[in-house]
Amino acid sequence: MQEKLNQFNLLKKKSEKQVAIGLVIIVVATLLFLTMSSVGSEELGQMLGIIVGLIGGIVALAGAAGFSKVKRTFKTEVLSAFFSEVIPGTDYIPDRGLAPVEVYATEFLKRADRFHSEDLLKGKLDDVDFLSSDVRLEERHVQHTKNGTRVYYVPYFVGRVFRFTFNKEFEGYLQVLEAGSPLTNRDFQKVELESIDFNKKFKTYATTELSAFYVLTPDIMEAIFELEKRNPGRIGLSFAGENLYIAINNNKNTFEIKMFRTIDNAMMEGFKNDLMVIKDFIHTLKLNTKIFKRK
């Protein structure tokens, strides 16, 4: 493993060097423009500044493109095998993600004007099937000004979405949300549970009040509290049929190497911890037991 990491660090440094050189050239172009302008050669300074700046931009973009290629290759050649070792049988497909139909099946995430997903993980752990990926949802905005119309997109969800399937049918539909409310035509009603602290932190919605009290036992409520503490960001859970959907809006892009940061054991441990969130959900919420199955 260490040999592989060293190889990718060398490739990464090459592209980082290109980016750094390009940025230095751009700074030189800016100084050239300012200096020439101050001595009365503004036109010449502009011309030289633009030419040198373009060269710097091309060099920096080439380095950035090289770094993007290194990132993709690292995911397919290193992380894919690494994740399969940590949770045997895990498939990691970096350039794919959850389809929109899976994301909106949570029934609490608003349909996006621009949708992107990547870093798909799928497999089975303790007889529980899982799917997850990074998801980015953006809303289209139009701004009218005296200079014309500007269209731009604002992200309202950046994080991870999970689906767990464990062949145990829930009765009715249930959502536990740190923010927002159900986005569906189902007959949801807000439910107040026995825990005052839980009611303050989360809003609970169910199609039948009985199902909320059946699923959200004191142990499960405490488990959800613990998961929220260990996973910063707004969390939402949706129990639907034989599926549990979990979404964490944490403004984080998972499984990404960073420019100018060495790929080392600490970084790999971070990737492992992000993967093991799946195991944490399954065990903490006891999805691998029969507690949700009605006799």
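**Surface patch, a buried lysine and ring pairs**

V27 is partly exposed, because its relative accessible area of 48% falls between the limits for buried (under 20%) and exposed (over 50%), taken with a 1.4 Å probe and protein chains only. This is a predicted model, where local features need pLDDT of at least 70 and side-chain atom pairs count only at pLDDT 80 or more, while totals for chains, interfaces and linings use all residues. Residues are numbered from 1 along each chain as its sequence is written, and side-chain values use heavy atoms, with hydrogens and water left out.

V27 sits in helix α1 (residues 2–38); helices here are DSSP runs (H or I) of at least four residues, numbered from the N terminus.

Then there's K75, in helix α2 (residues 42–86).

On to the rings: the whole structure holds 14 aromatic pairs. Rings of Phe, Tyr and Trp (its six-membered ring) pair if their centres lie within 6.5 Å, and planes under 30 degrees apart count as stacked, over 60 as edge-to-face and the rest as tilted. F198 and F225 are edge-to-face because their planes stand at 90 degrees, with ring centres 5.7 Å apart. This pair links distant parts of the chain, 27 residues apart: F198 is in helix α4 (residues 196–201) and F225 in helix α6 (residues 218–230). F198 is buried at 0% relative accessible area, and F225 is buried at 17%. Elsewhere, ring pairs join F8, F74, F82, F83, Y92, F255 and F271 into a cluster.

Key
Helix = DSSP H or I, 4+ residues; strand = E, 2+ residues; numbered from the N terminus.
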